[in-house]
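Good morning, colleagues. Please look at the sequence and the model on the screen while I go through selected features.

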Amino acid sequence: MNWRRLSLVPYRLRLQLRAAFVFLMAATVGLALSVVQQEKQLSYKNYQGSFQKTRVQVAATLRHPTGQLALLNPQPAAARAALHPLLLPFAALDFDDQQKVQQAVAMSGCLAQYTNNGSLCVGIGNNPWAGGFIYVAGTFDGAQLVPHTRGDQVVDQAHRVKVKVSLRGQSYEWIAPFEESTEPQTPSHRFGGMRGRLTGFAAADVARAKAPAVKDFRGWIWQNPSCTDRTAADDDSSCMRSAFFSLRLPVGVLQDALFEKRRPVWPPTDLDRIDVSIAVLPPGDGAPLLDSGTGPTTPAFSLADLKPMLLPGESLQIRRLADGVALPLLVGPVDPEDQSWHLVTTLIRHLPVDAYDVPLEAKEVITTPAGSYEVLLKGDVRSVSKSLSVVASRLVWFVGAMLAALMLAWLVIEIGIIRRIKVLIKRADDVGERVKAARGFSEADLADLRGADELGVLATGLHDLLRRVREDVERENIRAAQERDMWHAVGHEIMSPLQSLMVLHGSPMDDSHRYINRMQQAIRVLYGRASPSEAFQSSELQVTEVELTAFLQNVAQNASCIGIDGVVFLGPASPLSARADEYSLEDVVTHVLRNAERYRLPGSPITITLEGSDTGAAIAIHNQGPQIEADMIGKIFEYGVSDQPGSGADGNRGQGLFVARTYMAKMGGTIVAQNQPNGVCFILNLQRSG
């Protein structure tokens with residue numbers, strides 16, 4: 001054994017060169033990873049600080065009346081015509097005190113902004129014993145208020161507020177005209193503009209001109225004396241003034257429900273199904289100064305507004321302690337641009353840092369007049385990796401440039417040092433051309449290339465390979481000659497008995513006459529040929545018109561004579577002819593039937609079907625059984641291909657389907673195999689005469 005060839009000496013220079021460049025590349029990548037790891041540790045510490053700030057900010061927001069309003073009303077208001085009352089963090093509103101009402105609705109954040117500098121707040125108190133009222137407060141801009149004369153049944157000549165409440169199958173509708181107040185103002189509540197009551201009348205009574213004032217309906221309106229536009233004069237008709245109003249609506253259904261049970265259910269469970277519509281109308285038939293049907297331009301504060309406070313990946317879960325009901329989960333927004341660096345983010349996420357795997361959680365308990373809430377804030381340390389990937393992407397470009405430079409240097413040195421390998425490649429091509437021209441394998445002159453280095457080892461290996469190939473070709477030629485001699489002997493020994501049998505069964509009416517003719521034809525094909533495959537390919541067929549219907553019926557009936565039972569022919573009743581050699585076609589069908597017999601399920605039939613067209617005829621032979629493997633369906637027609645163990649000993653040399661394809665091609669037809677759900681189907685296509 002040549003131990004020198006098995007050593008690493010011939011590859012030493014190449015290994016040293018490549019190892020050096022691999023080390024440089026690994027060092028470059030390692031340096032970049034070290035820098036990113038340090039940045040990740042620093043970013044994680046900064047994230048912990050930001051997480052604590054978020055916790056404090058969220059807790060402070062939820063403890064404010066605005067946040068408490070969002071806790072009491074977790075579902076954001078829908079932007080539609082009807083409003084739903086909100087559960088206010090107050091027992092009731094002092095509807096007749098402008099400063100208190102303004103301060104309460106401003107602090108709670110329940111005002112939803114509308115066009116024309118309008119705003120609306122609709123809510124109920126958190127204490128059921130406040131009377132079951134619905135409170136409304138809002139602002140609008142309009143001309144100087146036109147009051148309604150007390151006692152006058154006509155209310156459409158003054159500024160008025162139209163309110164409608166629908167709940168539990170009932171509707172309440174009021175019209176409240178403005179009635180200027182003549183009461184003197186106290187020094188502590190002095191107001192320079194117009195003010196007055198909003199006296200409520202049932203809308204149905206107003207339509208009948210018999211409108212007594214609703215007893216529990218209360219409302220006030222205050223209008224500033226100055227114009228909203230500072231350039232307009234106060235006595236100008238175009239002067240628009242800001243007005244604030246507040247209402248207390250008596251809802252009989254809610255009031256009656258307070259006394260139905262010993263402990264009333266409050267807030268009402270159908271609060272989100274109570275519809276309130278409000279419109280502030282000018283004198284006459286003009287457009288409303290404020291209409292809730294237009295939908296708010298800016299809705300009131302809700303829990304969803306806490307999302308911008310959360311860092312990417314952070315989650316906020318709020319749970320009501322009284323019944324354990326969890327409010328909708330809030331998750332911090334994730335920048336979609338981070339997804340483009342998913343590979344870099346994944347790499348950064350696997351870099352180890354101190355205390356990185358410790359989960360970040362913070363709990364707070366928020367107490368409201370209607371109960372306590374547990375606020376759980378969870379941090380997502382994966383956001384550190386995502387945010388760091390944006391910075392790391394710049395480093396990736398730098399590292400990529402360094403690696404590209406190292407690769408370029410490696411390539412230059414590789415070409416300069418190992419270019420002699422090209423000489424060996426060219427020599428190998430020359431050897432291949434000489435072998436192709438001589439149609440055989442001859443000695444290749446590789447002596448000058450053989451040696452102890454890389455080129456020499458490769459040349460020695462090529463020389464040994466050519467020698468082995470030449471030996472294999474010689475062995476194959478010997479085997480082919482032996483096979484040819486065997487077939488010569490077989491043909492010679494069988495031909496004489498067949499001639500005697502033909503004499504004994506010479507009558508065409510004899511059933512054996514047909515099969516003896518086929519055997520003689522097969523022997524004539526093989527006898528004297530170089531090899532079986534060459535014999536079949538060079539044989540000549542007598543292509544004539546063959547009536548396929550009768551032919552296939554005869555084949556199906558006589559199949560039992562060759563040990564194939566259960567062959568059924570399904571074809572047209574009328575004759576159908578095609579161009580073929582009758583004996584060769586019968587050989588083709590027989591080979592396919594034997595193949596079907598070998599693989600079909602025991603007891604299942606083999607069906608032969610015939611279909612014709614204007615130009616061709618198709619014979620389909622189907623058997624039930626296992627399908628042909630996908631990688632073998634194109635190879636089964638090749639000579640010598642067989643999946644049967646010991647096929648040579650059993651007489652199955654893998655040539656039946658090869659013979660079938662060869663004969664079909666000589667008759668101008670084709671044969672294909674198709675896998676079907678319940679088995680395999682071979683389709684023979686023949687041409688019909690013009």
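I begin with a disulfide, a pair of cysteine sulfur atoms within 2.5 Å: Cys 227 is joined to Cys 239, with 1.6 Å between the sulfur atoms. The torsion about this S-S bond is about -115 degrees, so the link of Cys 227 and Cys 239 is left-handed. Cys 227 belongs to strand E9 (residues 218-227), while Cys 239 sits in the loop between E9 and strand E10 (241-250), so the pair ties together parts that are 12 residues apart in sequence. Helices (H or I, at least four residues) and strands (E, at least two) are DSSP runs, numbered from the N terminus. Both Cys 227 and Cys 239 are buried. Buried means under 20% relative accessible area, exposed over 50%, and partly exposed in between, for a 1.4 Å probe and with protein chains only.

Some notes on the source: this is a predicted model, in which local features need pLDDT of at least 70 and side-chain atom pairs count only at pLDDT 80 or more, whereas totals for chains, interfaces and linings use all residues. Residues are numbered from 1 along each chain as its sequence is written, and side-chain values use heavy atoms, with hydrogens and water left out.

How many disulfides does the structure hold? There are two. The other bond I wish to describe links Cys 110 and Cys 121, with an S to S distance of 1.8 Å. This link of Cys 110 and Cys 121 is left-handed, with -105 degrees about the S-S bond. Cys 110 is placed in the loop between helix H4 (98-108) and strand E2 (112-114), and Cys 121 in strand E3 (residues 118-124), so parts 11 residues apart in sequence are tied together. Cys 110 is buried, at 3% relative accessibility, and Cys 121 is buried as well, with a relative accessible area of 2%. When the bonded cysteines of the chain are numbered in sequence order, the pairing reads 1-2, 3-4. A further cysteine, Cys 681, is buried at a relative accessible area of 5%.

I turn now to the backbone. The peptide bond that runs from Trp 266 to Pro 267 is cis, with omega near 0 degrees. Pro 267 is located in the loop between helix H6 (252-257) and strand E11 (275-281). Arg 168 is not a glycine, yet has a positive phi of about 50 degrees. The loop that holds Arg 168 runs between strand E5 (160-167) and strand E6 (170-180), and Arg 168 counts as partly exposed, at 42% relative accessibility.

On a 1 Å grid over the protein atoms alone, a cavity is a set of points where a 1.4 Å probe fits but cannot get out, and lining residues have an atom within 4 Å of a point. Grid points are joined across faces, edges and corners, and a volume is the space filled by probe spheres set on the points. Searching the whole structure gives three cavities of 30 Å³ or more. The second largest cavity has a volume of about 50 Å³. Its lining consists of Arg 55, Val 58, Ala 59, Leu 316, Ala 362, Glu 364, Val 375 and Leu 377. Helix H2 (12-63), strand E15 (361-368) and strand E16 (371-378) are the elements that give two or more residues to the lining of this second largest cavity. Which of the elements gives the most to that lining? It is H2, with three residues.

Is helix H3 (residues 65-72) mostly covered or uncovered? H3 is mostly covered, with eight of its eight residues buried. Among the buried residues of H3 are Pro 65, Gly 67, Gln 68 and Leu 72.

Two contacts along the chain deserve mention. Phe 569, in strand E18 (residues 567-570), is buried at 17% relative accessibility. Met 407 is in helix H8 and is partly exposed, with a relative accessible area of 44%. The C-alpha atoms of Met 407 and Phe 21 are separated by 8.0 Å, although the two are 386 residues apart along the chain.

I end with helix H8 (residues 382-417), where Leu 411 is found.

Key
1 Å grid on protein atoms, 1.4 Å probe; cavity = no way out; pocket = protein on both sides within 12 Å on 5 of 7 lines; lining within 4 Å.
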